[in-house]
Amino acid sequence: MSRARSLPIAALLLAAVLATAGCAGGGSASAATAPSDESLARAAASAFLDRYLEADGRVVRRDQGGDTVSEGQSYAMLLTAATGDEARFTSIWSWTKANLQRPDGLLSWSWHDGRISDPQPATDADLDAAQALVLAGRRFSQPQLTADGQRIGRAVLAGETATDGQGRRLLVAGPWAVSGEIVNPSYFSPRAYSALAATGDEPAWHALHEQALSSTADLLSQSPLPPDWARAQSALHAQAIASPGGAAGPPSYGFDAARVAIRMGSACDSASRAVAARLWPVLSGGDDQLLPRRLDGAADGGAVRNPVALVGAAGAAKAAGRPADVSRLLDAAAAQDRSTPTYYGAAWVALGRVLLTTDLAGRCA
């Protein structure tokens with residue numbers, strides 16, 4: 001039976017949590033009745049899982065043809081590991097391992113109609129899944145999960161990195177992107193690097209962290225916002241491109257790039273947060289719900305409103321030390337998702353609350 005049938009329960013839970021903010025006195029909540037950041041994060045995670053997770057552990061993109069992608073599986077793994085939902089974590093990882101994991105340890109990207117429809121992996125999903133497994137191994141006292149995460153992490157190092165002319169390692173978007181050195185800045189994940197470094201291969205993960213900082217800073221020296229896609233010129237430098245396939249048109253800040261500020265803004269190290277803070281002056285201006293944008297910050301011709309744009313702005317606000325704006329933007333993202341529900345929007349509302357406002361995904365040392 002589909003977990004979509006549980007949606008009314010999740011909706012009621014979320015409504016009950018949010019309702020406590022609507023007390024008397026002009027709608028402002030008192031300290032005694034305001035929902036905590038953790039309760040909001042748990043409610044958002046439940047809403048996503050109840051809406052899109054099947055009983056067998058498969059996450060279904062109901063608004064995108066009913067398919068399943070490794071990204072969605074990794075999002076659900078992160079959320080269930082963070083919230084301590086061992087039963088659902090186990091079902092999600094079991095389905096993922098049985099249906100998506102390749103012999104090399106990486107995850108096939110797309111599954112539809114009972115079979116793999118695209119065997120190529122996506123590096124962001126592999127890193128998120130590896131991070132989730134390490135977190136779950138610690139939280140559920142299951143060393144095998146940590147070992148599973150380490151295996152995926154080592155597969156990322158072996159198959160989803162390239163080496164520049166100086167022998168420096170750089171993270172690329174997947175095995176398909178090694179020869180062309182295609183990178184997606186929103187795949188850089190300081191929290192995943194840190195989690196995996198704790199299991200071994202620390203120098204390699206440290207090198208990828210340095211590459212993420214250098215490449216993103218280099219892109220931001222060329223334009224105020226990062227692009228969805230770029231071509232690495234070295235581990236230290238990159239050039240924005242419109243798409244990996246060489247499509248015509250200018251590069252844009254779109255549904256991928258919106259995640260840069262979330263991943264960098266939720267990092268434990270100050271250098272990553274400083275990169276995310278650079279985005280705040282641009283993301284705090286204009287209509288902060290619109291994607292895609294031009295790299296100068298102006299709305300693109302086909303821009304639409306999506307919660308991930310608001311969560312991205314919240315990541316930049318977090319890094320810039322603006323907690324009131326973080327709350328405002330995450331609340332707006334949640335309201336937009338309730339108004340126009342989407343798989344991607346709901347996932348990032350939940351992940352944004354978990355990563356930007358709580359220690360559920362791990363406390364920084």
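Strand E2 (residues 110-112) and strand E3 run antiparallel and are joined by 3 bridges. Strands here are DSSP runs (E) of at least two residues, and helices are runs (H or I) of at least four, both numbered from the N terminus. Two strands count as paired if DSSP finds at least two bridges between them. Within this pair, Ser110 stands opposite Asp118 in E3.

The model is predicted: local features need pLDDT of at least 70, side-chain atom pairs count only at pLDDT 80 or more, and totals for chains, interfaces and linings use all residues. Residues are numbered from 1 along each chain as its sequence is written, and side-chain values use heavy atoms, with hydrogens and water left out.

E2 and E3 belong to an open sheet of 3 strands. The strand order is E1-E2-E3, with antiparallel pairing. Strand E1 (68-69) and strand E3 (115-118) stand at the edges. Each has a single partner strand, so one side of each is left without a neighbour in the sheet.

A search of the whole structure finds 1 disulfide. The term denotes a pair of cysteine sulfur atoms within 2.5 Å. Cys268 and Cys364 form this link, with their sulfur atoms 1.9 Å apart. The link is left-handed, at -80° about the S-S bond. Cys268 lies in the loop between helix H9 (260-265) and helix H10 (270-277), whereas Cys364 lies in the segment after helix H14 (343-357). The pair therefore ties together parts that are 96 residues apart in sequence.

Both cysteines are partly exposed, Cys268 at 35% relative accessible area and Cys364 at 32%. Partly exposed falls between buried (under 20%) and exposed (over 50%), computed with a 1.4 Å probe on protein chains only.
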